[in-house]
Amino acid sequence: MKRLPFSLVSTLAAALSALVLTSSPAANGQETAPPALPRYENTNVILISLQCLRPDHLGAYGYKRNTSQHIDALAKESVVFDNAISQANLTPVAQMSVFTSQYPRVNGMVSFEVPQDRVSKNTLAAILKLYGYNTAASISSPEFFMRYDSATGAVVSPGDVFSRGFDYYGRTRRGLGGRSIRKVPVGSLQWLAVNKDKKFFLWIASGLIHMPYAAAVPAADRVIYDPPGYTPFWKKLPLPKSESAESADPSYEVFSRVFRNDFYLGFAPVYHLTQADTDYVNARYDAGVAYTDRFVGEVLKQLDALGLRKNTLVVLQSIHGEELGEQGNFFHYDVTDTVIKNALMIRFPDGEFTGKRVADQVQGIDIMPTVLNYLDIPVPHEAQGVSVLPFLRGEQTAPPNEYAYIDRMPWWEYTLSKWYLEFKNNQGDYFVPAEKEKLAAYQKLIAQRFNALKAPPGDIAIRTNEWKLVVRKNKPLLDEVSWWKFISGKKQPVDEVALFDLKNDPLETTNVAKVHPGVVSRLKEKLLAWDGEIERQKTTYKKEDKYLIIPYP
Amino acid sequence: MPRLKRSRPILAALLLAATLCLCGTVQAAVDSPVAGLPLKYKDYNIVLVSFDAMQGNHVHCLGYPKDITPTIDAMAKEGFNFTQNISVASWTVPASMTWFTGVYPSEHRLLNKYSVYEPPVEVIANLKKLAPQIVTLAEVLKANGYATGGFTGDAGVNGVFGYSQGFDTYFDQAKFGDLTDSAPRALEWLKGKKDKKFFVFLHGYDSHGQCIPKKGFDRRFVDPNYHGKYTGSAQQQEALREEGLAKGAINLSDADVAFWRAIYDEKINRTDGRFKKFLDGMKELGLYDKTLFVLTADHGTEVYEHKRFDHGFTLYDELIHVPLIIKLPERNLRGIAIPDQVSSIDVMPTILDLLDVQAPEAVKKQMRGVSLVPAMRGEPIEQDAYSETDYRLYTFKRSIRTTDGWKFIITMESNQKELYNLNRDPGESKNLIEAEPRLAYELEQKLYAHFAGIGHDLTKEKWKTGLSPVYPSQAKGWKKK
């Protein structure tokens, strides 16, 4: 016979009982235990979310270049996760999974543009607010600005989903003559100084590492890793006249034309990238990482200066990674480990678990349950992730997640179909005439293939620390609408089922599905079962829903 | 009646702390009227009585001002009166099976009259089919040498659902029958059982909307000046129920409501009188002093408290707060009112404990409730109560009622949430879901954890409303989708 224990909520009752016990006269002379308040009473939380941060470009994860002395120092004081997996390859999608602890199709945030009311509202910020937290965000990733700025009350564009639950939602601005909005969000330092005496949850999200690489880094710091004498290859090519073509910053406009190391213009490969080109891109990327690291150092220094270290939980995470030419591609188009493997470290107050290194796999959806669990707050039943605390405390020997699940929906193309190409085309100088001719047809094709009210079938992946299996659920559609097909002028077929041996081939260059049919069938069965369950639970959109566009500068 | 003082958790901790500090040991309460009683009644008889549809608030010993339940009150005076007893469900089919199984409706699966209703395919819900592993109270007692007899008013406790499982004899031939149908048959069966231990389940629909006195109402509590259109007939109550279900609310005048409440009082008063006759019969047979009685109700009745009528479709207190009285064989015992919250989930383990029956391990594991014997000894118990209803597939509701007087109700198909402070708002009229978001959040997590813990993860089910009739008249609306 049993009643269900509900230890989390009863914590408060237990704490109160403890208080009562200690306040009784200790007639028997025995010392009673000090009252144990639930941690949410006096623990601050800082979540630092960094876009496009590759863990293997940090010293803490073994990088050769000295890009990250401050993050490395933080890592030494933290639990460091070596296999932290993102739920998706796109920023808003991956991060909403962190905030809701739900897979993207379940929380409804499957793209840059979703009907806001369909997105799960039980976010980390909203729950912490219930427990008396002052919730603040300081952000330089435009993916999160989305429309409403509670600092000024100005509606940037209606329909924000990320600002929900935040008392203060601050963001960077382009400013006069500013190159990029993707600066480091220094407003967070000031916010901390002003609000140090409040119990707070501060979300710091930086988009600085994102393309165009290092564009917001001061000129002197931007070039620190540049190979001597290198000239960006695109400057030597007959590119349509545009700001990005003239800039030395590796930009999306340039690198979205690169597929498997070929640079396409007018549907022809006009240039083959060399190692020197890739090295340069990496150098500029690393300059962004190093500059971001300095900012993280400032935040941590500020915490120390304000005396907040002892009662502040610090979580630092990549939102997702980045392809940096390992397979001749750039940006974050697919679900390779370069894109979906994250840096993740948690510094607990009082140095708890310091120096612990977790090789077992964890997922983005585990962050929220872990934070709530640590704070003695019940985890919402909607959560699909698990707290890793029992594992850290040694109460569980099994890894929290033997399997991680990743969604790559072809929203990339979907977004292109909606507005991006038009936006670019309107700039007038991005596409060459041959491309412009076919652009309208391409847009039309995607729009036809992707019904606006129904998420197109996507690609799904399952990952263990040994294997990754990727299944393209609708390969013919993907082959047809692929952006790579558009820029190259010919189909670039992808494998319908691909298995990668992550131990021996971490860069996922060789599909070994045929060599290991047993592994394929085992993982595929798991993956499809997960996919079926997610489809059953997924958010459904309605005809009357409004789809609002998020600016993507 | 002396009330055994029950304290809130913090006070309890304080009391415990003081006791620990001053004496170094926990002392038993010295003034307990049951001190010295064994509270173990091996080989005694047991009678479990269900006064179907009897709302807790209409019972005098639970605070109803009118003295309409003298027999029940007298038993409470000599017994243990659990004044905050909560049913796991708000209508007969799911609620009653919990006494016999010790599990929640989600587990015994008697959630509706039909487990499949897609005419021409109609499958009547049945315990053996839906939860074949579950062992019933009657089966356990039978295995321990008890003669087992069920005497009921049919309908929701018809044997076809599995209610007869484990009974030697089971009477369910009088549709919406009352105690004048079931009790004489029980007494008849009890003749000659003087030297044999027995378990009787006695049930009557006397207080139920579909049960009318055979010679009509005498309107003993009706205001003689009432000249409204209502007569108190079963058809009228059914029509009011259906109108309320269709529209969400009905509109009655104060006089109409007073009339219906008076009719309900008469039904309860008659229930009590008929039960007295049954007790007299037991005494005549010489069985009364060798018998433990457990008096309870499967659910209450809504008499317009939330602008509707009847029961099944909500989880407000008028439907789930029901009497639970345990009368021991000892006569002239000073009774105790136990205000700690308990649940119908506790009935089966309590009966087995009182009868000192060793249940098989599987049954011990099966039962979700706790024995209330420690509470009868004066130990405080603190447990949240969970209720649920999938009434006719009209709605799917789940609730948690806390020991400190909060109730959280969630309607699964619409995700509509309600939170009430029962201490300040016993009528559950002011939804505090916006005013108390943190408490609502915590109770919601608790509720989901409870159902996940009994193997029914609420996040994994699709809540599709439909039609699964309880009464034949409702089947007319069925259309193949």
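**Close-up 1. Arg241(B) and Asp310(B) are both buried.** This view, like the others, comes from a predicted model. The two side chains form a salt bridge, 3.1 Å from N to O. Arg241(B) belongs to helix H8 of chain B and Asp310(B) to strand S10 (residues 309–310) of chain B, so the contact ties together parts 69 residues apart in sequence.

**Close-up 2. A salt bridge joins Lys214(B) to Asp181(B).** The N to O distance is 3.0 Å. Lys214(B) sits in the loop between strand S7 (198–204) and helix H8 (234–247) of chain B, and Asp181(B) in helix H7 (residues 179–190) of chain B, so the pair links parts 33 residues apart in sequence. Lys214(B) is exposed, at 57% relative accessibility. Asp181(B) is buried, at 13%.

**Close-up 3. Arg270(B) and Glu266(B) pair within helix H9 (residues 254–284) of chain B.** Their closest N and O atoms are 2.9 Å apart, in a salt bridge. Four residues separate them, about one turn of the helix. Arg270(B) has 17% relative accessibility and counts as buried because the cut-off is under 20%. Glu266(B) is buried too, with a relative accessible area of 0%.

**Close-up 4. Salt bridges link six residues of chain A in a network.** The members are Arg105(A), Asp407(A), Lys473(A), Asp531(A), Glu535(A) and Lys538(A). Over all chains, the structure holds 59 salt bridges.

**Close-up 5. Three strands of chain A form an open sheet.** The order is S8-S9-S10, with antiparallel pairing. Strands S8 (258–259) and S10 (268–272) of chain A are the edges, each pairing on one side only. Two bridges join S8(A) to S9(A), residues 262–265. Val258(A) has Phe263(A) in S9(A) as its bridge partner.

Definitions and conventions. Residues are numbered from 1 along each chain as its sequence is written. Chains are lettered from A and ligands numbered from 1 in the order in which they are written. This is a predicted model: local features need pLDDT of at least 70, side-chain atom pairs count only at pLDDT 80 or more; totals for chains, interfaces and linings use all residues. Side-chain values use heavy atoms; hydrogens and water are left out. Two strands pair if DSSP finds at least two bridges between them. A salt bridge is a side-chain nitrogen of Lys or Arg within 4 Å of a carboxyl oxygen of Asp or Glu. Buried means under 20% relative accessible area, exposed over 50%, partly exposed in between (1.4 Å probe, protein chains only).
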